[in-house]
Amino acid sequence: MKLIKSIVRPNKVDDVKDALARLNISGMTVTEVRGHGKQKGHTAIYRGKEYNVSLLPKMEIEIVVPDSIADEAIKAIVQAARTGEIGDGRVFVLPVLESYRIRTGEKES
Amino acid sequence: MNQADTAWMLIATALVLLMTPALAFFYGGLVRSKNALNTMMMSYISLGFVGIAWALLGYSLALAPGSNWLGDTSMALLNGVGLAETGAVVPLTIPHALYMAFQATFCIITAALISGAIVERMRFSAYLVFITLWSLVVYAPMAHWVWGGGWLADMGAWDFAGGTVVHVNAGAAAFVAALVVGKRTDYGGTSILPHNVPTVLLGAGLLWFGWFGFNAGSALAASPIAGLAFVTTMLAPAATLVVWTFLDILRSGKPTAVGAATAIVVGLVAITPAAGFISPMSAIALGAIAAVPSYLTLIIRAKTSLDDSLDVVAAHGVGGTVGALLTGVFADMSLNGLFNGALYGNPNQVLIQGAAVLTAIVYSGGMSFILLKVIGLVIPLRASVSDEGTGLDITQHGEEAYLHTGGASSQVHGA
């Protein structure tokens, strides 16, 4: 099992969700996050003072998938979330040791 | 000069001015958080630009004597608009300058209403130019026709507080603006949900409060008619809210909060042309009837590709039309002292009201189309696709509505 953590533009979440749904991956956790990579942020002006807002709003999408479809899922996410501009985000892939379903307590594989 | 009248009109003017910030909260809550400030600014900015345009020229074009078709420039730059009674313009017992201010608040909110059709994608500069010119080219002539002794008034069309001048007018402009500016890039595909329903409810509540100034103030005196308009403004939206609640339950099993806020606005719009002309019981009937066409329009509109984002057409266009027509049904001369409607033996009045509505739709729709096309030659009407994706708060204003991470920013050195 793999945990795929994707940090994407907020307006790309629906596209990524649709792309994953086409692979029959339906479960996911989405979190509003802020951060930055190479993107510089933007200048905000409040009452005559200029601020550089370096942490920009992003969305983090977490999915857990069997190893066999991880590559396919990653490819789908990258394709759906890409605009080609700086600030498109990142995909991180982590191994998952174990997974339990809380309702039944059973261990999933 | 009458002190009671003056006191009431001072309050009424302040109440109507409050409706524009109220509209900002109503509209602002309905959009996504990345466009909250931009949407609210579209209302607030009207207080400045349209307010000034009105004082410099709009008031004179609308309410100076002029011809049957348009005022003139004799009162431009508020020439002759002083502390004495209005005199020839409309015989009132309040200072002329106060009457000008009262009328200004109407023009300001009418222009701001249009923004609901084009939020989340229109370029702010183009919008600003559009509403400022629109207030002079579309609103002022229409106000003259109905309230400035123009041809619609001569024809016998009655509009107590602006069902046609304000709401049908804004609704027609909104329809055209949604069409010309085009739909949001992600319209139809993704879920576009209101980001803050509590501010929608706050806005609707404050609109109702301000609307007492709008309608009861349109009596232009502290008179029994002002009292009548106040009562009808309380009862009609109440009836709309009740019917709307049942429609919501019929359709989805649950009464919705956004639905309740919408119902209040629809009821207020519908009673506007009739407020000082019909009985309180007729107002209940009018408000109840008005719920249905607007409710249906909302449902049908959502299935089309017309991205009238915040449903200005359904609430103001359709609500205003229904109100104007029903004014011609319920008007009671024993109360208003001016004219009867169909229920009191004057069926012809409905046709006259219909003609005025049709005129507003054709004129406002046509002129708004031309205006947008001309502005589009100079300034692109839309924000760029990438700006639209990022959100208009950051890209148009350099601000964010909700910035929780204080540590995320640093002051630019030397600024």
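The model is predicted: local features need pLDDT of at least 70, side-chain atom pairs count only at pLDDT 80 or more, and totals for chains, interfaces and linings use all residues. Residues are numbered from 1 along each chain as its sequence is written, while chains are lettered from A and ligands numbered from 1 in the order in which they are written.

Chain A has two helices and eight strands. These are DSSP runs numbered from the N terminus: helices are H or I with at least four residues, strands E with at least two. The order from the N terminus is β-α-β-β-β-β-α-β-β-β. Chain A is more spread out than a compact globule, because its radius of gyration is 17 Å, well over the 13 Å that the globule rule gives for 109 residues. The radius is taken over C-alpha atoms, and the rule is 2.2 Å times the number of residues to the power 0.38. Along the principal axes, the C-alpha trace of chain A spans about 60 × 30 × 20 Å.

Contacts require C-beta atoms, placed from the backbone, within 7 Å. In chain A, 71% of the contacts between residues at least 6 apart in sequence join residues at least 24 apart.

## The sheet of chain A

Four strands form an open sheet in the order E2-E5-E1-E6 (chain A), with antiparallel pairing. Pairing requires at least two DSSP bridges between two strands. E2 (29–35) and E6 (89–95) of chain A are the edge strands; each has a single partner strand, so one side of each lacks a neighbour in the sheet. On average, neighbouring strands of this sheet are turned by 20° against each other, direction ignored.

Seven bridges link E2(A) to E5(A) (residues 56–65), in the antiparallel sense. Within E5(A), A:Ile61 is the residue opposite A:Val30.

## The hairpin

E3 (residues 42–46) and E4 (residues 49–53) of chain A run antiparallel and share five bridges. A:Tyr46 faces A:Lys49 in E4(A). Two residues lie between the strands of this hairpin, and A:Arg47 takes a positive phi near 55°.

## Helices on the sheet

H1(A) packs on the sheet and touches E1 (2–8), E2 and E5 of chain A; its direction makes about 15° with that of E5(A). H2(A) lies across E1, E5 and E6 of chain A, at about 5° to E1(A). Axes are lines fitted to C-alpha atoms, for helices over the stretch in contact, with angles from 0 to 180 degrees between N-to-C directions.

The axes of H1 (residues 13–22) and H2 (residues 67–81) of chain A come within 8 Å and cross at roughly 150°. Residues in contact include A:Val16 and A:Leu20 in H1(A), and A:Ala73 and A:Ile77 in H2(A).

## Chain B

Chain B contains 15 helices and one strand. The C-alpha trace of chain B spans about 65 × 55 × 35 Å along its principal axes.

Buried residues make up 57% of the 415 residues in chain B. Of the contacts in chain B with a separation of 6 or more, 76% involve residues 24 or more positions apart.

How values were computed
Buried ≥ 20, exposed ≤ 12 C-beta atoms within 10 Å, placed from the backbone. Contact = placed C-beta atoms within 7 Å.
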